[in-house]
Amino acid sequence: MTTTGTGVGPAVFTSPQHDARNAALLGSALGNSFTVCFTTGLFSHLAQYAPGWFELPARPARLYRVTQGVHVTTGVASIPLLLSKLWTVYPHLVSRPPVRSVAHAVERLALLPLVGGALFLLMSGTANVARWYPWTFNFPRAHFWAAWITIGGLVAHIGAKAGTSRDAVRRTPRDPSLVVSSGAARRSFLGGVAGAAGLLVVATAGGTISPLSRLSALAQRRPDDGPQGLPVNKSADGAGVTDLIDEVAYRLRIEGAVATPLVLDLAELRALPQRKAELPIACVEGWSASARWRGVPIRDLLDLAGAAPGASVFVESIQPRGGYRTSEINSRQASDLDTLLALEIDGEPLHPDHGFPARLIGPNRPGVLQTKWVEKLVVT
Ligand SMILES: Nc1nc2c(c(=O)[nH]1)N[C@H]1C(S)=C(S)[C@@H](COP(=O)(O)O)O[C@H]1N2
Ligand SMILES: [Mo]
């Protein structure tokens, strides 16, 4: 029978799973998944809330789709890893004496932001993916700051534990109190955790990869479910635009830094040269879906109004209220011909839920910036 390490009574925690080798292996898996999740999350934050020094490129067109899929998938896979890691090491958390030295006290204090932050990130992220908002705080902001706090805790933790972990993985403990077991029970525990993480990955990836969607019990969106084969989060009714959409009265306004402000009706927009592009909608919540769009390149509209080369655009929706009724198109994306004011999907006018009469769709943009029911382009 294996005991569990420093200061813990052997009779209390006797499961061989509470050992240093499991803790080290789970810890390094978690360190990796958190690092990838943090990096892709940071990229997503830059893409959605671009600071002055950052311009999201338009290419590769599917970059954001991939990074956000990886972000949500590594986050979901981290849940069984974190829970099993906490279970593996919790005897240490309740061991006596609680603090053995100053270094030990610092090491334990660093666990607060690490464990607290990690639990907050995984829970708020999961709730967001499930589109359940039981909080009043601003999710992206809270999730973003919690990520920095957690990564700080992670760096401190890796600094404190790297040596112990290496010893445990190599089964050469210098510290005689470090218990390293071997055996089938330990391996089957790790196998179970890996299996759970793998199942969650497949189930989540189905939100992005169509062939997996039948296995996708957890993906809250199937890529092909919704009008015109595309999912809908915010319907025309939900956005309060149903009564505001009028095919005849509709006008697109192009104003701001232009030589000639323009007002175009739908017939005029349809009469302009149209361009086709197959582009995904890649929601920050982790689902994505590709569609064949057709519409007028934003660049052509800017040229028509006499905007300066390299202009950027502020897009406004008919939608009267809501955080996602506007977006920006930076100059790199505005000059890409595939950034469209889309009028059609698969040769049909857009469904009202997809933004009829016109929506923005462009390469490598987070879904939240693909504004629906567009009525105004303000050139800046
Ligand atoms: N006007 C408007 N455009 C919008 C939104 C919105 O709420 N209002 N939602 C955005 C989000 S979050 C995504 S992912 C894409 C696709 O969302 P959908 O599933 O609601 O079509 O549209 C974007 N365009
Ligand atoms: Mo979204």
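This is a predicted model: local features need pLDDT of at least 70, side-chain atom pairs count only at pLDDT 80 or more; totals for chains, interfaces and linings use all residues.

Reader: Why is histidine 71 called buried?

Author: Its relative accessible area is 14%, and buried means under 20%; histidine 71 is therefore classed as buried. The C-alpha atom of histidine 71 is separated by 8.2 Å from that of threonine 39, which is 32 residues away along the chain.

Reader: What makes glutamine 68 buried, and with which side chain does the side chain of glutamine 68 make a polar contact?

Author: Glutamine 68 also belongs to helix α2. With a relative accessible area of 4%, glutamine 68 falls under the 20% limit and so counts as buried. Its side chain meets that of serine 44 at 3.3 Å; a polar contact requires N or O atoms within 3.5 Å, so the term applies.

Reader: How do you know that tyrosine 64 is buried?

Author: Tyrosine 64, in helix α2, has a relative accessible area of 1%. The limit is under 20%, so tyrosine 64 is buried. Tyrosine 64 and proline 363 are 299 residues apart in sequence, yet their C-alpha atoms are 8.9 Å apart in space.

Reader: What makes the pair of arginine 59 and aspartate 336 a salt bridge?

Author: The closest N and O atoms of arginine 59 and aspartate 336 are 2.8 Å apart. The criterion is a side-chain nitrogen of Lys or Arg within 4 Å of a carboxyl oxygen of Asp or Glu, so the pair qualifies. Arginine 59 is in the loop between α1 (20–48) and α2, and aspartate 336 in the loop between α10 (331–334) and β7 (340–345), 277 residues apart.

Reader: Which residues are joined with arginine 59 into one salt-bridge network?

Author: Arginine 59 also forms a salt bridge with aspartate 338, with the closest N and O atoms 3.1 Å apart. This pair spans 279 residues, aspartate 338 being in the loop between α10 and β7. Aspartate 338 is buried, with a relative accessible area of 13%. A further salt bridge joins arginine 294 and glutamate 344 at 3.3 Å. Arginine 294 lies in strand β4 (residues 288–297) and glutamate 344 in strand β7, so this pair ties together parts 50 residues apart in sequence. As for the network, salt bridges that share partners join Arg59, Arg275, Asp336 and Asp338. The whole structure has nine salt bridges.

Reader: How do you know that the bond between arginine 59 and proline 60 deserves mention?

Author: Most peptide bonds are trans. The bond joining arginine 59 and proline 60 is cis, with omega about -5°, and proline 60 is in the loop between α1 and α2. The bond from arginine 96 to proline 97 is likewise cis, with omega near -5°; proline 97 lies in the loop between α2 and α3.

Reader: What is the phi of tryptophan 373, and why is this residue called buried?

Author: Most residues other than glycine have a negative phi. Tryptophan 373 has a positive phi near 55° and is found in the loop between β9 (359–361) and β10 (374–379). Its relative accessible area is 1%, under the 20% limit, so tryptophan 373 is buried. Aspartate 346 also has a positive phi, about 50°; at 44% relative accessibility, aspartate 346 counts as partly exposed.

Reader: What makes the approach of lysine 372 to ligand 1 a polar contact?

Author: A polar side-chain atom of lysine 372 lies 2.6 Å from an oxygen atom of ligand 1. The limit is 3.5 Å between N or O atoms, so the pair meets it. The protein covers 97% of the 510 Å² of accessible area that ligand 1 has on its own. A polar backbone atom of glutamine 370 is 3.0 Å from a nitrogen atom of ligand 1. The shell around ligand 1 comprises eight nonpolar, six polar and three charged residues.

Key: Residues are numbered from 1 along each chain as its sequence is written. Chains are lettered from A and ligands numbered from 1 in the order in which they are written. Side-chain values use heavy atoms; hydrogens and water are left out. A polar contact is a pair of N or O atoms within 3.5 Å; within protein, one must be able to donate a hydrogen and the other to accept it, and residues adjacent in sequence count only if both atoms are side-chain atoms. Accessible areas come from the Shrake-Rupley method with a 1.4 Å probe; for residues, only the protein chains shown count as cover. Ala, Val, Leu, Ile, Met, Phe, Trp, Tyr, Cys and Pro count as nonpolar, Asp, Glu, Lys and Arg as charged, and the others, Gly among them, as polar. Helices (H or I, at least four residues) and strands (E, at least two) are DSSP runs, numbered from the N terminus. Buried means under 20% relative accessible area, exposed over 50%, partly exposed in between (1.4 Å probe, protein chains only).
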